Amino acid sequence: MQVHSFIAESAPDAGAQIRAHLGPEAVVLNVRRLAGEGLARLWQRPRIEVLAYKPDAPAAHGAAAPSGLAELRQELAQIKEQFRMESRQRWSEDRNLGTAAGDSVDGLTGHTPQDKVGANGWRMIEMLEASGFLPLHAQRVADKLQAQHGLRPPSALAEEVHLTRRLLAQLWRKAPPLLENSLRPHVLIGPAGAGKTTCLCKWLTQAVLVEGRCAMVWRLDGATANAAESLGVYCEILGVPLERSWHIEAEPPEAAISFIDLPGVNWRDPAALQELKQQLKRYLSPQVHLVLNSAYDASLLMAQARAFAELPVEDLILTHLDEEMHWGKMWNLVLGTNYSIRFLSAGQNIPGDFCPATPEKLLARQFPA
């Protein structure tokens, strides 16, 4: 028995190929869906692979072959109906997830789209979701694209990507300038394991070695002891004084920058967050930066950002970018919160990758040339 494989776009196409190559007596063995390749899988219809063979001897009954093709048509029809059901179910779940995570962006709070943009030909909504956007924020971007450029997208995908990149760059919230030569120290807060101390060491190294600034560092305890011993090693290498109890000079040295390192906080514990809030009040109105692990699930990142919203957070620092492939996930924090993203950090090496966040950096990773 020689088995033949047929790749088809639809059930009629598969039937035609089988009849043409094997004749009406062919018998179908298996049918499976084939996933698309690359970005094309986001808008191309899924294809199917059919395995069939031609019996060596004539069928005992004349109805055997037609029965085989009828079985193929029935099985393919069931697969098609399953695709439709899965698509409707996924859209329903995505809308519920987006509503649960719903914050505001440009006055669009509470907006509930009736249909996915993809139904009208725009491919970007599914591409954005594939890059890490939560469904609600992907739909909001698509709504804005429709409002600006019409219901029908450009014929060229490159133009559609260009319009999306330009819109996202407009929606970017730029971090305010840092206060230089100020008594206000930089305090990095966040959940345990987010990479706060590593980011502080990277920032400190750039300030001292690249910018030639004087620096001061405090490693302070919180509700738990601060066990970041590595911070003391880096301060010793850079010649930066490290203090274990809080105090500050009346006048900071020229071009000075100061940092406070605190232990991680259980973001699910309201009492721990309130205790951290009271502790921050003792540090001369500090510049508070919330550090989040970008490799976490998008909905978890949004939940952490909301948990710290009661604290005087000025901006975000996103870490572990070397562990995350879907950089579009970061846009959920831009579109779904009032925070701006100040720094992007990747890897554990000091100084390592630590750079100002810009929309161009995220977009270049999302939509490579």
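On confidence, the mean pLDDT of the chain is 79, and 75% of its residues reach 70 or more. Among the elements of the chain, strand β8, residues 287–293, has the highest mean pLDDT, at 95, whereas α2 has the lowest, at 55. There are stretches to treat with caution, including residues 58–65, where pLDDT stays under 50 and the model has four contacts beyond four places in sequence, and residues 93–120, where pLDDT again stays under 50 although the model has 54 such contacts. Where pLDDT is low, the predicted coordinates should not be read in detail.

Now to the salt bridges, of which the structure holds seven; I will take three of them. In one of these, Glu314 pairs with Arg184, and the closest N and O atoms are 2.5 Å apart. Glu314 sits in strand β9, residues 313–319, while Arg184 sits in the loop between α5 and β4, so this pair ties together parts that are 130 residues apart in sequence. Arg184 has a relative accessibility of 22%, and therefore counts as partly exposed; Glu314, at 29%, is partly exposed as well.

Another salt bridge joins Glu160 and Arg123, with 3.0 Å between the closest N and O atoms. This pair links distant parts of the chain, with Glu160 in helix α5, residues 157–171, and Arg123, 37 residues apart from it, in the loop between α2 and α3. Both Glu160 and Arg123 are buried.

Since Arg219 belongs to strand β5, residues 214–219, and Glu229 to helix α7, residues 229–238, the pair ties together parts that are 10 residues apart in sequence. Arg219 is buried at 6% relative accessibility, whereas Glu229 is exposed, with a relative accessible area of 53%.

Which side chain of opposite charge is nearest to Lys202, a residue that is buried yet has no salt bridge? It is that of Asp353, which is 6.5 Å away. Lys202, which is found in helix α6, residues 196–210, does have polar neighbours: its side chain makes a polar contact with the side chain of Ser345 at 3.0 Å, and a polar atom of that Lys202 side chain lies 3.3 Å from the backbone oxygen of Asp353. Among the residues that Lys202 touches are also Ala346, Asn349, Pro351 and Phe354.

Finally, the cysteines. A disulfide is a covalent bond between the sulfur atoms of two cysteines, and a search of the whole structure finds zero of them. Take Cys199, which is buried, with a relative accessible area of 1%: the closest cysteine sulfur to its own is that of Cys201, and at 9.4 Å this is too far for a bond. Cys355, by contrast, is partly exposed, at 26% relative accessibility.

Methods. Residues numbered from 1 in each chain as written. Predicted model: local features only at pLDDT ≥ 70, side-chain atom pairs only at ≥ 80, totals over all residues. Heavy atoms only, no water. Helix = DSSP H or I, 4+ residues; strand = E, 2+ residues; numbered from the N terminus. Buried < 20%, exposed > 50% of the residue type's maximum accessible area, 1.4 Å probe, protein only. Lys, Arg positive; Asp, Glu negative; His and termini not counted. Salt bridge = Lys/Arg side-chain N within 4 Å of Asp/Glu carboxyl O. Polar contact = N/O pair within 3.5 Å; in protein donor to acceptor, adjacent residues only side chain to side chain. Contact = heavy atoms within 4.5 Å. Disulfide = S-S within 2.5 Å. pLDDT = per-residue confidence, 0-100.
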